[in-house]
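Here are my notes on this one, as numbered points. Have the model open while you read.

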Amino acid sequence: MKISVIITVFNGEKYLRKAIDSFLSQQYDEKELIIVDGKSTDGSHEIIADYKTRFPHLIKWINQPDTGISNGRNIALQNATGDIVGFLGADDFLHEDLGMRSCDTEDNSYLSGYVAGKIMEAILENKNKTNKQ
């Protein structure tokens, strides 16, 4: 099961590295990070370009102007290939023990995470149940 994490950025240079590093540190192989930023005027583009060069198989950078966070997220969603999609602020980070590994177990009924100081629980449905709806 693949997980897509989306970050929309606008002048997020101060915390962006921490956000990206927190994604990369997750002990789960089937993941992708989609970053949307086409307007930043600080060092965000240089940071994103550096990570994209070092991790081209994990990071997609959509470098096109958007009209705000909602539009940026919609652009990213059109490019996401994960079975599960989550959002991460450019100034937030994923807790080191997010629990992405639970997606690989037979009992993958939920994925718990700690994002931006809040516990999130996403109910994962069996593919057979999804097909019935």
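1. Start with Ser40: beyond its neighbours within four places in sequence, Ser40 is in contact with Val9, Phe10, Asn11, Gly12 and His45 (contact means heavy atoms within 4.5 Å). Ser40 sits in the loop between strand 2 (31-36) and helix 2 (44-54); helices (H or I, at least four residues) and strands (E, at least two) are DSSP runs, numbered from the N terminus.

2. Ser40 is buried at 11% relative accessible area (buried is under 20%, exposed over 50%, partly exposed in between, with a 1.4 Å probe and protein chains only).

3. The Ser40 side chain has a polar atom 2.6 Å from the backbone nitrogen of Asn11. Its side chain also makes a polar contact of 2.6 Å with that of Asp37 (N or O atoms within 3.5 Å; within protein, one must be able to donate a hydrogen and the other to accept it, and residues adjacent in sequence count only if both atoms are side-chain atoms).

4. A caveat: this is a predicted model, where local features need pLDDT of at least 70 and side-chain atom pairs count only at pLDDT 80 or more, while totals for chains, interfaces and linings use all residues. Residues are numbered from 1 along each chain as its sequence is written, and side-chain values use heavy atoms, with hydrogens and water left out.

5. How many salt bridges does the structure hold? There are four (a side-chain nitrogen of Lys or Arg within 4 Å of a carboxyl oxygen of Asp or Glu). One of them pairs Glu32 with Lys60 at 3.2 Å. Salt bridges with shared partners join Lys2, Glu32 and Lys60 into one network.
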